[in-house]
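Please keep the sequence and the coordinates open while reading.

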Amino acid sequence: MTIWIEKINNAASLEELENLRIETLGKKGVITSEFAKMKSVPAEEKKAFAENLNKQKAQVNEAIEAKKIILEKEALNQKLASEKIDVTKFNNELSCGATHPVVETMDRIITYFQNLNFAVEEGPLVEDDFHNFEALNLPKYHPARDMQDTFYNKDYTLLRTHTSPVQIRTMLNQSTPIRMIAPGTVFRRDFDITHTPMFHQIEALVVDEADKISFANLKHVLVEFLHHMFGDVDVRFRPSFFPFTEPSAEVDISCVFCKGDGCRVCSQTGWLEVLGCGVVDENVFKAVGYENKSGYAFGLGVERFAMLIHNIGDLRSLFESDTRLIGQFK
Ligand code: PHE
């Protein structure tokens, strides 16, 4: 039996130990088959024979159990060692975020105008009627208010519908010359593939003494800016109406969309509207107490620019928080 005990003590794995258990104590094991021999042992020797066998069986069992504890402990230590995690190890597969296309476009536009020495101004998102409408030559009950479907609050404040109130705030606080842009969030009651109730605009205002600022200055700045943003496009000024500018224009760029095998015109007319602008209306200067001034202003929708630059079809997809969209801008 010592040979089996020795084998058990030398077992290298739990599997080997189990095999040894089967070979000794299993149904056909060497000890089990010794018990079968009881029948042929003479009666007077049976007791001693059985006692001896039981002793051997107990010894083997004990050896197996003892070895099992050792091997199980070894197996556990091995598992712990192989699954050890170094929490201080640097994971260079960290996934980085990306700048949202609206923010990126906004930053590009702001940087462009900062380089031309425009100051960046801000105003509140919750505005009053005076700054958002009245001072901008939009008196109460004026039908032009319908151009901007508005979220009104109970206390006669409203969510600003455009960044133009920042023009008013800046003129009320500063004297000429003024050369500013106002980037920011605006709100309108609108929702379809080209409108969301919250979007972003960048406003610009330049004011100086009478006759110093003209439509020609406005035109030059905008043509240069649009070439910077969209490359070699044609720029067209189309007469339009805004209560706060006179004359007013909407600005279109020629729109050719190139991808893969060729280019196609991307709107029915071949032109895409990108912003509104004009020469500051006298009534706006009156509302802020300015006399003998001249100026121009323009306002643009940042999402519209981002959509054109990145060829995004549905404006709403910019605000759905789907990481597949942002993932494309890494
Ligand atoms: N505030 C106008 C709008 O939101 C845009 C604009 C700004 C037009 C300044 C002219 C001058 O539609």
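Which residue lies over the face of tyrosine 290? Lysine 293 does, at 5.7 Å from the ring centre; a charge counts as sitting over a ring if NZ of Lys or CZ of Arg is within 6 Å of the ring centre and within 35 degrees of the ring normal.

## Basis and confidence

This is a predicted model, in which local features need pLDDT of at least 70 and side-chain atom pairs count only at pLDDT 80 or more, while totals for chains, interfaces and linings use all residues. Residues are numbered from 1 along each chain as its sequence is written, and side-chain values use heavy atoms, with hydrogens and water left out.

The protein chain averages a pLDDT of 91, and 100% of the residues score at least 70, pLDDT being the predictor's confidence in each residue, from 0 to 100. The model's scores are ipTM 0.98 and pTM 0.71.

## Aromatic contacts

The structure holds ten aromatic pairs, where rings of Phe, Tyr and Trp (its six-membered ring) pair if their centres lie within 6.5 Å, and planes under 30 degrees apart count as stacked, over 60 as edge-to-face and the rest as tilted. Phenylalanine 113 and phenylalanine 225 form a tilted pair, because their ring centres are 4.9 Å apart and their planes stand at 45°. This pair links distant parts of the chain, with phenylalanine 113 in helix H5 (residues 101–115) and phenylalanine 225 in helix H8 (residues 215–230), 112 residues apart; helices (H or I, at least four residues) and strands (E, at least two) are DSSP runs, numbered from the N terminus.

Phenylalanine 225 also pairs with phenylalanine 305, and this pair is stacked, at 5.8 Å centre to centre with 25° between the planes. Because phenylalanine 225 lies in helix H8 and phenylalanine 305 in helix H10, the pair ties together parts that are 80 residues apart in sequence. Both phenylalanine 113 and phenylalanine 225 are buried, a term that means under 20% relative accessible area, with exposed meaning over 50% and partly exposed in between (1.4 Å probe, protein chains only). Phenylalanine 305 likewise counts as buried, at 0% relative accessibility. One aromatic cluster is formed by Tyr112, Phe113, Phe118, Phe225, Phe230, Phe298 and Phe305.

A further charge over a ring is that of arginine 316, whose charged end sits over phenylalanine 191 at 5.1 Å from the ring centre.

Of the 42 residues that line the largest pocket, Arg188, Phe199, Gln201, Glu273 and Gly301 are the closest to its centre. On a 1 Å grid over the protein atoms alone, a pocket is an open set of points where a 1.4 Å probe fits, with protein on both sides within 12 Å along at least five of seven lines, and lining residues have an atom within 4 Å of a point; grid points are joined across faces, edges and corners, and a volume is the space filled by probe spheres set on the points. Strand E10 (271–280) is among the elements that each supply at least two residues of this lining, and E10 gives the most, with six residues. The lining of the largest pocket divides into 18 nonpolar, 16 polar and eight charged residues, with Ala, Val, Leu, Ile, Met, Phe, Trp, Tyr, Cys and Pro counted as nonpolar, Asp, Glu, Lys and Arg as charged, and the others, Gly among them, as polar.

The second largest pocket has a volume of about 550 Å³, and of the 21 residues that line it, Cys255, Cys266, Leu272, Met307 and Leu308 are the closest to its centre. H10 gives the most to this second lining, with four residues, and the lining comprises 14 nonpolar, five polar and two charged residues.

## Backbone features

Most residues other than glycine have a negative phi, and most peptide bonds are trans. A cis peptide bond joins threonine 176 and proline 177, with omega about 0°, and proline 177 is placed in the loop between helix H7 (165–173) and strand E4 (178–187). The peptide bond from glutamate 246 to proline 247 is also cis, with omega near -5°, and proline 247 lies in strand E7.

Asparagine 117, although not a glycine, has a positive phi of about 75°, and this residue is exposed, with a relative accessible area of 61%. Asparagine 292 has a positive phi of about 50° and counts as exposed at 59% relative accessibility.
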